Amino acid sequence: MLDFVANKVHDENRQGEAFAPFKDDVNEYSKKFYIESYGCQMNFADSEIVASILNENGFGATRNYEDANLVLLNTCSIREKAEQTVRNRLHIFRQLKRNKPGTLIGVLGCMAERLKEKFLEQEKLVDIVVGPDAYRTLPGLIEEAESGQKAVNVLLSREETYADISPVRLNSNGINAFVSIMRGCNNMCSFCVVPFTRGRERSRDAYSIINECKDLFENGYREVTLLGQNVDSYYWIDEQKDETVTFAKLLEKVALIDPLLRVRFSTSHPKDITDDVLFAMKKHENICKYIHLPVQSGSTRILQLMNRTYTREWYMAKIARIREIMPDCGISSDIIAGFCSETEEEHQETLSLMEYSKYDMSYMFFYSERPGTLAARRYKDDIPEEVKKRRLDEIVKLQNRLSQESNKKDIGLICTVLIEADSKKSAEEWMGRNSQNKVVVFPKKDLRLSKGDYAVVEITDCTGATLLGKAITN
Ligand code: SAH
Ligand code: SF4
Ligand code: F3S
């Protein structure tokens, strides 16, 4: 679902990215692991936990899988295509195993959870299968696999949040970091495999979150994104203070670490985002004015079949409320084309709701039936593939127009940009994002700015996905 920048959530575009901790070149480890991550940002964050556990157990990272004693794939099951990509990758590793028979291959993440032992039967070269709540047992499983046994742990937990494990920041730009605040999901959206692969929802200790964010800030990071499948249902009881920490409170606590630390979050479920969260965003300049609010469909009947628990009108009222409280807030969405029994009129309702919401950006998919989900058990996947694709195409075209219009409206705007890197096209230009999460590119000129600085930029032009501008202060 992610498109243009490195740190979006749920993107098949990010699949195949290899991570290597910065301790990479230090020869303090006797063995090497290689890890590839697929799927959502939470999976990428989990790979950083896994790297930490492996570092503690004598494994250093390598960027080259041919050098590794242990090759890990952190997998995604969200759509059929995501699983197919992993299977193709496993075929490539088959050759590696032939050349270097001692190499262990491990499958982590949602596909491991979905397929469990079946993985070992289907993909004969896999030695280790570990579900998302069982990463602490990885060192023991590696030992088992080294002794020639097949090692599997796919137990889901009601408590595990890995709160005490300091993630090893992998492939990081040193500016943006992702911090998991909860795991699992209790919403049974009928199309979705996540409740089955990630288990029950549980929130992480608020102190451990705040300490991790403080630590990041002290180490030069300037933006944290708080991650969960449904962040608005974050709920943690502070027994020391006899206080309940809701998501709105957590946001404020993280925002108060330092005004120079930007705070983002993902994902919000429309049914759970509260006025408290909106007012916390409005109150703190450093909480970014950007909400990812997946609608999935614009038809009330389809939303009911999807078990999203809101109607078209309810969603529209939520958009209106966000715009009333924060007129400058960026809003993006996830949209599914061609869900079971969707009519042409209902598809049109999705298009008209997109127009109403004026999304700055969307992640768009056609429906992919996932075995075991409520929709797979209850409804027929009856929209022909060519119809799904044509509807998706219409959705994508409309979103392109909306994104273009949204960017054009920003010409003349003055905004604060957190500088992340050189622009992809030129070392003479900076790339960063404004509060609304839009990518902004501007010439470095002779201003003494660096990565991690904030620049005030006047927007002078735009392309479909990027705002172009000039820095007006230092
Ligand atoms: N927890 C988040 C999103 C999780 S999955 C939320 O509720 O918004 C990310 C996106 O993938 C979903 O929002 C949905 O648009 C899409 N998705 C999930 N299951 C899908 C399926 N079976 N077919 C097509 N798209 C799907
Ligand atoms: Fe899936 Fe719905 Fe949970 Fe999101 S809220 S992870 S779409 S079940
Ligand atoms: Fe994420 Fe994919 Fe699992 S989207 S939660 S890695 S199924």
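Author: Strand β19, residues 429-433, and strand β20, residues 439-443, run antiparallel to each other and are joined by 5 bridges. Strands here are DSSP runs (E, at least two residues), as helices are (H or I, at least four residues), numbered from the N terminus; two strands pair if DSSP finds at least two bridges between them. Within this pair, G432 has V440 of β20 as its bridge partner.

The model is a predicted one, in which local features need pLDDT of at least 70 and side-chain atom pairs count only at pLDDT 80 or more, while totals for chains, interfaces and linings use all residues. Residues are numbered from 1 along each chain as its sequence is written, chains are lettered from A and ligands numbered from 1 in the order in which they are written, and side-chain values use heavy atoms, with hydrogens and water left out.

Both strands belong to a barrel that 5 strands close in the order β18-β19-β20-β22-β21, with mixed pairing. From one strand to the next, the twist averages 55° (axes are lines fitted to C-alpha atoms, for helices over the stretch in contact, and angles run from 0 to 180 degrees between N-to-C directions).

An open sheet of 3 strands, in the order β15-β16-β17, has parallel pairing. Its edges are β15 (290-292) and β17 (361-366); each has a single partner strand, so one side of each is left without a neighbour in the sheet. Neighbouring strands of this sheet are turned by 10° against each other on average, direction ignored. Strand β16, residues 330-337, pairs with β17 in the parallel sense over 6 bridges, and S332 has M361 of β17 as its bridge partner.

The chain is assigned domain 1 (8-153), domain 2 (176-407) and domain 3 (414-473), with bounds from an automatic or database domain assignment. The contact takes 18 residues from domain 2 and 18 residues from domain 3, where contact means heavy atoms within 4.5 Å. The centres of these two domains, taken over C-alpha atoms, are 26 Å apart. Between them, domain 2 and domain 3 bury about 1400 Å², 42% of it on carbon and sulfur atoms; buried area is the accessible area (1.4 Å probe) that two parts lose on being put together, summed over both.

Finally, the shell around ligand 3 draws at least three residues from each of domain 1 and domain 2.
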